[in-house]
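Whole sentences grouped by topic would be welcome.

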Amino acid sequence: MSATLLLVQGLNGLQLGILLFLVAAGLTLVFGVMDFINLAHGVQYMLGAYLAAAFAAWTGSFWLALLCALPAALAFGLLLEWLVFRHLYDRDHLSQVLATFGVILVLNQGVKLIWGAAPLQVPIPELLSGGVEIMSGLRYPVYRIAILVTGLATAGLLWLVVERTKIGMLVRAGATNAPMVAALGVDIRRLFMGVFGFGAMLAGFAGVMAAPILSVEPGMGDNLLILAFVVIVIGGIGSVRGAFIAALMVGLIETLGKSLMPDLMRLFMDASSARQTGAALASMLIYIAMAAILAVRPAGLFPVRS
Amino acid sequence: MTEGHIGRRALIAGTTALATTGLSMPAVHAQPAAGIKIGVVAVLTGPQAALGTHLRDGWLLGMRHLDGKLGGIATETVVIDDELRPDVAVTKVRAAIERDKVDIIVGVVFSNVLAAIMRPVTETNTFLISSNAGPSTFAGRGCNPFFFTTSYNNDQVHSVMGQAATDSGHRRVFVMTPNYQAGRDAVAGFKSRFQGEVVDEVYVPLTQLDFSAELAKIASARPDAIFTFMPGGLGVNLVRQYRQAGLAHIPFLSTFTVDESTLPAQGAAAEGFFAGSTWAPNMDNEQNRRFVRDFETQFNYIPASYAAQSYDTAMLLHSAVQKVGGRLADKEALRAAIKAADFRSTRGNFAFGVNHYPVQDFWLCKVERRADGKFQTATVRKVLENNVDRWAAECRMR
């Protein structure tokens, strides 16, 4: 494998990592601050993509769609919080898992009723539709570079908000010891609601950004949710910084593993079984990495609660 | 959608009650049928529901063209949603046969569902006519006198692309499929007729979202063409990312990856990409023109092969019921009547082989933009004529 190809694969890995981060950031905040397991986070990502598709079809512009989809995703997140989730904060994790799993089923079926089961598409905005030739014969779409940049900007912004503002301080405090924060006179319910709405909007944003390169279809968030959980567990639940590092790690391991494993296996076995074993091993790699990291650091890379 | 509304618990309760009172099995069709009941099995929930919808709507259009009568006998359609879960399919199909007294079961999109309901249906001497799933399991030694399929044997479609690649003079082909049984079968099928070199085989997880790592590999391998089998959403992602990565100048040969069920989401990204198929909406025969025109009017989308095969199934049964004069209880006669395949298929050529799988032509198709801006597959050239699947010789039915 040539050095260029390796570099390209590194770039691909980073980009997957950034997309994962956008989904995982909201999840880790909600899980960390509110101690609330929200399996429905993936469908909020899906909803963002569907809203983008609907608004893009309606307005004919990706930018208007983005502008409309974000508040809509936020509003829907708040509605869900008010309807379902706030009644679950005091329950144990099992009830939360059951109820939010129910929300997944309802929403997956719901988008199918409204938009049909066939996948939808969102066109890439004209402005970002070009490509840069990064190795001979392969164009790297400008849109993917835009995802990278947006993701990094979001990460920076989140870091600023969480580390440098009063709200961020409350969020961090809430993640460490919520009852104590409430005892100090902070309306913890409102803080929770804000965090939840923001998390839902982040997931929706990831959905909007992913819509032009991935197919928009019912259940599209389910696969990503599993990866997002791996990310927040590796990163340390509740830690935005941890989620960022872990997301990039998972993205890189996944992508490089996929492209290197089959070649690596060929050193030990014949070509056809190397391909299949390599592919199978590559898809296990991130879980192996997770297990290894948890064995050394049981609370993740950047634990919030000591 | 009658079945959809009945809870599974109620179904189980119903079937056990029937079983305990001993009323379940005995021959139901003693007297000439006053009406016919057909169970249509299709996946209508979950990510693959679009395919089941095509299949169901194709059947419904067939029944509409027949005025709701098979062979002149009023026919009721019972739609069964298999949810793509074999256990659910078995429960629902059993209930349809034992409680609803369904005469014939048709439909089935996925092979794993077909495999699950195969014995429960055929052991009650009920005919099972698959209008899509065509696994090799039931084509050779496992062929069954009560089973027919109006689609194809999966291997054939993949091998068509192997033949097409050879015919087009592609010498170096890059192969990529999902890492599960059907994916590996696709590679084997392709290789069975491809005479050039397979530069690399890549297997991706079924849950794959982003293909950029594989696309970089393809670019660096510089093949003459790629062959891929990426059903459903996988194909939508691959096709769009392939185009975005600027690889579209490398011919894209595929099976079950670009068709009318995925083209609405792939759109212009799939234009000029190739598919192997037994049918395409542009096939020029009277039966097909009427089918496509009325289907679009009625359901407001372009039918895929799932719909065409399902429509053919309705026409096939119509011809068979007519032949036996409505006496469905005479299984031998009904079997002979179905096997005669005395109907006009949307595909033109159609006959059954010894194993009850079709003997038919296979085509290389290409995605094109229609005058109205929508996308569909269109035939490019016939690749195999009157092709018999390679399992037929092992079938002991004569």
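In chain B, strand β1 (residues 36-42) runs parallel to β3(B), and the two are joined over 7 bridges. This is a predicted model, in which local features need pLDDT of at least 70, side-chain atom pairs count only at pLDDT 80 or more, and totals for chains, interfaces and linings use all residues; side-chain values use heavy atoms, with hydrogens and water left out. Residues are numbered from 1 along each chain as its sequence is written, while chains are lettered from A and ligands numbered from 1 in the order in which they are written. Helices (H or I, at least four residues) and strands (E, at least two) are DSSP runs, numbered from the N terminus.

**The sheet of chain B**

- Of the 7 residues in β1(B), 6 are buried, so the strand is mostly covered (buried means under 20% relative accessible area, exposed over 50%, and partly exposed in between, with a 1.4 Å probe and protein chains only).
- These pairings belong to an open sheet of 6 strands in the order β2-β3-β1-β4-β5-β6 (chain B), and the pairing is mixed (two strands pair if DSSP finds at least two bridges between them).
- In general, strands of a sheet pair through backbone hydrogen bonds, in either the parallel or the antiparallel sense.
- The edges are formed by β2 (69-70) and β6 (147-149) of chain B, each of which pairs on one side only.
- β2(B) is antiparallel to strand β3 (residues 73-81) of chain B, with 2 bridges between them; L70(B) has I73(B) of β3(B) as its bridge partner.
- Helix α4 (residues 111-122) of chain B packs on the sheet and touches β4 (104-107), β5 (127-130) and β6 of chain B. The direction of α4 makes about 160 degrees with that of β5(B).

**Positive phi values in loops of chain B**

- L84(B) is not a glycine, yet its phi is positive, at about 60 degrees. This residue lies in the loop between β3 and α3 (86-98) of chain B, and L84(B) counts as partly exposed because its relative accessibility is 26%.
- N125(B), also a residue other than glycine, has a positive phi near 55 degrees. N125(B) is placed in the loop between α4 and β5 of chain B and is partly exposed, with a relative accessible area of 39%.

**Helix packing in chain A**

- Helix α1 (residues 3-34) and helix α5 (residues 142-164) of chain A pack at an angle of about 45 degrees, with their axes 9 Å apart (axes are lines fitted to C-alpha atoms, for helices over the stretch in contact, and angles run from 0 to 180 degrees between N-to-C directions).
- α1(A) and α5(A) are therefore oblique to each other (angles under 35 degrees count as roughly parallel, over 145 as roughly antiparallel, 65 to 115 as roughly perpendicular and the rest as oblique).
- By class, the contact of α1(A) with α5(A) comprises 11 nonpolar, 3 polar and 1 charged residues (Ala, Val, Leu, Ile, Met, Phe, Trp, Tyr, Cys and Pro count as nonpolar, Asp, Glu, Lys and Arg as charged, and the others, Gly among them, as polar).
- α5(A) and helix α7 (residues 188-210) of chain A have axes that come within 11 Å and cross at roughly 165 degrees, which means that α5(A) is roughly antiparallel to α7(A).
- The crossing of α5(A) and α7(A) is right-handed. Among the residues that meet are Y143(A) and T150(A) of α5(A), and F198(A) and F205(A) of α7(A); this contact has 8 nonpolar, 2 polar and no charged residues.
- The axes of α1(A) and helix α9 (residues 240-265) of chain A come within 6 Å and cross at roughly 140 degrees. That crossing is right-handed, and the residues of the contact of α1(A) with α9(A) divide into 16 nonpolar, 9 polar and 1 charged.

How values were computed. Contact = heavy atoms within 4.5 Å. Left-handed = near helix turned anticlockwise from the far one by under 90°.
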